[in-house]
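This report walks through some local features of a protein model, one region at a time. Please keep the sequence and the 3D view open while reading.

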Amino acid sequence: GAGLRAAVPGRTPPVGPGPCRVLYARCFGPPPQGRLLRKEQLLAVARQVASHCHLQQASSGRPAALTLPEDPAPLHTAPGGLFQLPPGDPFPGRVTVTWLAATAVAFALVCEPHENLALAEVALRLLATRLMAVLRPPGPAVLLRPDAADLLLDRLLPHGQLLFLSQNFLQALERDGARRAAR
Amino acid sequence: AVDCLQRLHLVLAASKSPRRLDARLVELLQAVLCSPKCPEQIQLLCAAILREMAPCDGLRLSCHRIHDTKLLSLVSSVLLAQGEEKAAVSAVGQRVVKALEGRLPEGQSSRYLLPVLSNVISLSPEALTEEQINVVSKKMADWLRYASTQQGVAQPSGGFFSNPRTRQPGPVTEVDGAIATDFFTVLSLGQHYTEDQWLNMQTFSMLRKWLLCYGGKEMNTPNSGDKSEMDRSAMSVVSTSSTSSRLLPPRERLREKAFEYCQRLIEQSNRQALKKADGDLQKACLIEAVTIMDIICKQDSSYVYRAASFLKILHGRINGDATYARALLPIAQFFLNHGEMAAVDCDAIYKHLFTDIPAQLFHNSSLAFEFVLFCKDNSRLFTETSSIFRQRFPNLFKFLAWNSPPLIAEFVDILPFLLDVGTAIEIFHLLLDLPCLTAALDVQMRSSSLPSAERAACDPAVKPATCLEAFRNPLYRSAFQYLLRHAFISSFLTARRLIPLRQLLGSLASSPRVMQCADTVPVLLELFFSVVAEFADASLINQLVVLVLQRSDQLYEIPAFKDDVHRVLSSQLVMLCKLRPALVVELSKELLEFSGTVSNIQNKEPIFTHVVWAIGEYMSVSYDKRCTVEQINRFFETLEAVLFEVTQVRPQASVPNYAPRAITVLMTALTKLAARSQDLIPRVSLFLSKMRTFVQSPAVTSVYCEEDREEILTRATELMNLLKMPSVAQFVFTPSVDVAHTRFQKEVNDTLPSALRIVTRLLEPAPGFVPG
């Protein structure tokens, strides 16, 4: 069976010319059809996200480029949404993608059927906020800091598991992380 | 070192084909990963590189000798990324279960292990033995139900002088600050958490997956873990109080604790969270709790009665709260699955879901998406004619009208279930007016955000200048209400009333959201016709043809939209004619009127062209015995008048640019009709002979390009030649019905010209050309 596949591709740029790039992705299982195909699949997801992002920004009449706030705001009003990808295109099984767009990058979580989409949206917003805070300026910096992304994912989405984290649990997690880093 | 590792990772990740690393390097990476003093950042990088390399040849990593649970988790991530080998996955699973079963060394925490287990069972459910499943189920039940309700103690931090008498931490609280009233859940708050509380949170996080994987029919193996003292057959009458439940077999016990946990969560969702993020979590918890209850009831129907009454009360509590709307879906799903068994009347639940929710919350894109998925998963409900779901399909389309890009693919899947003889006409109108619906929803939203003083009805005598004014104008009210209806009304008369409103909404036609919706219509229309073709009877087909003609100029004024719709409608018109050629005779009045209106060539050229083609093709006794000579002559006269109008060269006035395709199809149709009513042949021939003059006149040469004029002339010549041999013409133009369904019936302008060319060559022997 396919493992939970939660990938977080950042890609640039959300609108405008230029191809889409997957800056970072993490999968939680072996690629059933090989490494190369896995890369192509992730790129396909990224392109879909870019397309949906572009369409949504057009329809909401929002200006394309937002200035990045100085403090890591929780991305409440950031464009985002849900869409499905049918079986075979690009993954063998049906998947649902939740995505969120910031200025230069977008984030996405690929969920299997039988996953809590409301929780996935919450988790994605959390991950995106934390990641944006850690990697400044956002964008290609994450290419050279996969450990930063991995650290966050191991904490907030361990082995791809969505967690029901209250704010208190979150704070406790981050305290633990800080304590470990200080050692 | 960090720098190099980061660069190495980048190189590996960026390359399409797998790079081979030196075997020594691979060994080094593994060694570094597992070395006890290694900083976390380096460990993460080594793991990332090894994962990127998967499948990795020199991998000698094994989880068996690792005792640090955090490292075990990290190493597992590398091992699980390797490949499909079930044995490897199983080995990781075994190691994790062993660690969970036994006592961990001092300072180690089990909380890093559950996510690994969760991943293992996703990849390979058979990785665990029956006994292991029972062992873990037992622990999960305990973690869910018996975690401490006291807050954890702060970890003593390094260099500080730790106070031997640490303050007693208080009890955990609810999300609204009140002291916790019952057992610990993910919605219990504390400053610090104990180990079992972490496990409680993680167990719930993976509970759904675990139940779906292992909660079903258990295998009766001889060494299934806990030998319960209760006879299995007496299980159903066992009371589910907590004392006796300890004697339940592990999986059933887990089910029970899970059920109680879900009940508690649902109760906890009634509190007002102090932090907004916790409020969001509450909603996600609610959805999860209801879903898990549904799963439990599927696995053990003895829970249905308790769950049903509980969820009915929940529904009553949240159905007025828009922020909880998403939770209404799993509740409805529960009742769809178990309502009958629970003998609960669920109609009110379904009605509210399908009436109020789409009307009020169409703009909530996450809700829209999940709602549509719900419909997809329960598509059989729409096929029952009297069902509540089916009657409210107009409401469903509001989701699509507002959130077109993510939902169009899902609607393509749902539409076939909505279509039948009863709904087809209504849905046809609905599809054509979908972008209007988007505009109307926009007006409705803007109107409702105005202060109430500005929302009063305005004077019907004053013509509204904007859509917002129109929304408050009583004369336009019913048109808006028709567009925004939530249930199936039917009748084309109501659709007529939309004409003035549609014009007024034209000011919104260039809004991106409206245009995105417009883009979905051609796809849906094609799907509509392909589905309808399968069940439509004569009456429906005829109705649709008439509607195609009527609606072709009652479309929302978006240029690309109109063109696309005309294109689709025209080809579908042909499809309907092929399906039922007799309609040409039956609808001759409507077709005469349509084909006789010259302006149609300008406004709806594709439809006009295809109508004329259909007339030429099917107005024949071979297709319908009722076709009379009078009818043929009448059509002839109408088409002749149009062609005359179109090819008149008035020296003073400029020649309007009629599509050349329209001219050729008119000529061809006239010829076909003449072949069947041979008195008309001289008239057509005379007309065709004048085409050379037409084509060569200066007014025409300035408007039509060389190719087009060439095409018109060639066609006219071919047709004239054909008419010189009336019996051949008759054969070519009136094939027997079975021949008609084979090679000749392809594209309108494709096969006929080639047939004509063959005949022409027969008539005008070219040197060296030998027929046959």
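Leaving aside residues up to four places away in sequence, B:Ala178 touches B:Thr173 and B:Arg271. The model is a predicted one. B:Ala178 sits in the loop between helix 7 (130–145) and helix 8 of chain B. B:Ala178 and B:Arg271 are 93 residues apart in sequence, yet their C-alpha atoms are 9.5 Å apart in space. Is B:Ala178 buried, exposed or partly exposed? Its relative accessible area is 31%, so B:Ala178 counts as partly exposed.

**Two helix contacts in chain B**

Helix 8 of chain B also takes part in a helix contact. The axes of helix 6 (residues 114–123) of chain B and helix 8 (residues 195–214) of chain B come within 10 Å and cross at roughly 15°. Because of that angle, helix 6 of chain B is roughly parallel to helix 8 of chain B. The crossing of helix 6 of chain B past helix 8 of chain B is left-handed. On the side of helix 6 of chain B, the residues that meet helix 8 of chain B are B:Leu114, B:Pro115, B:Leu117, B:Ser118, B:Ile121 and B:Ser122. Their partners in helix 8 of chain B include B:Leu199, B:Met206 and B:Trp210. By class, the residues of this contact of helix 6 of chain B with helix 8 of chain B are nine nonpolar, four polar and one charged.

A second contact involves helix 2 (residues 23–34) of chain B and helix 3 (residues 40–52) of chain B, which pack at an angle of about 140° with their axes 9 Å apart. Helix 2 of chain B and helix 3 of chain B are therefore oblique to each other. Helix 2 of chain B passes helix 3 of chain B in a left-handed crossing. Helix 2 of chain B contributes B:Val26, B:Leu29, B:Gln30, B:Val32 and B:Leu33, while the residues from helix 3 of chain B include B:Ile42, B:Cys46 and B:Leu50.

**Aromatic rings**

How many aromatic pairs does a search of the whole structure find? Over all chains, the search finds 25 aromatic pairs.

| Pair | Distance of ring centres | Angle of planes | Class |
|---|---|---|---|
| B:Phe354 and B:Phe371 | 5.1 Å | 70° | edge-to-face |
| B:Phe397 and B:Phe411 | 5.2 Å | 45° | tilted |

B:Phe354 belongs to helix 14 (residues 347–361) of chain B and B:Phe371 to helix 15 (residues 365–377) of chain B, so this pair ties together parts that are 17 residues apart in sequence. B:Phe354 and B:Phe371 are buried. B:Phe354 and B:Phe371 also belong to one aromatic cluster with B:Tyr350, B:Phe382, B:Phe389 and B:Phe399.

In the other pair, B:Phe397 lies in helix 17 (residues 393–402) of chain B and B:Phe411 in helix 18 (residues 404–418) of chain B, so the pair ties together parts that are 14 residues apart in sequence. Both of these residues, B:Phe397 and B:Phe411, are buried.

Helix 17 of chain B deserves a look as a whole. Ten of the ten residues of helix 17 of chain B are buried, so this helix is largely enclosed by the rest of the structure. Among the buried residues are B:Phe393, B:Asn395, B:Lys398 and B:Trp402.

**Backbone features in chain A**

Most residues other than glycine have a negative phi, and most peptide bonds are trans.

A:Asp89 and A:Pro90 are joined by a cis peptide bond, with omega about 0°. A:Pro90 is found in the loop between strand 1 (80–85) and strand 2 (95–101) of chain A.

A:His114 is not a glycine, but its phi is positive, at about 70°. A:His114 lies in the loop between strand 3 (106–111) and helix 2 (117–134) of chain A. The relative accessibility of A:His114 is 57%, so A:His114 counts as exposed.

A:His159 also has a positive phi, of about 50°, although it is not a glycine. The loop between helix 3 (146–156) and helix 4 (167–182) of chain A holds A:His159. Is A:His159 buried or exposed? At 5% relative accessibility, A:His159 counts as buried.

Key: Residues numbered from 1 in each chain as written. Chains lettered and ligands numbered in written order. Predicted model: local features only at pLDDT ≥ 70, side-chain atom pairs only at ≥ 80, totals over all residues. Heavy atoms only, no water. Axes fitted to C-alpha atoms, helices over the stretch in contact; angles between N-to-C directions. Helix = DSSP H or I, 4+ residues; strand = E, 2+ residues; numbered from the N terminus. Parallel < 35°, antiparallel > 145°, perpendicular 65-115°, else oblique. Left-handed = near helix turned anticlockwise from the far one by under 90°. Contact = heavy atoms within 4.5 Å. Nonpolar A, V, L, I, M, F, W, Y, C, P; charged D, E, K, R; others polar. Phe/Tyr/Trp six-rings, centres within 6.5 Å; stacked < 30°, edge-to-face > 60°. Buried < 20%, exposed > 50% of the residue type's maximum accessible area, 1.4 Å probe, protein only.
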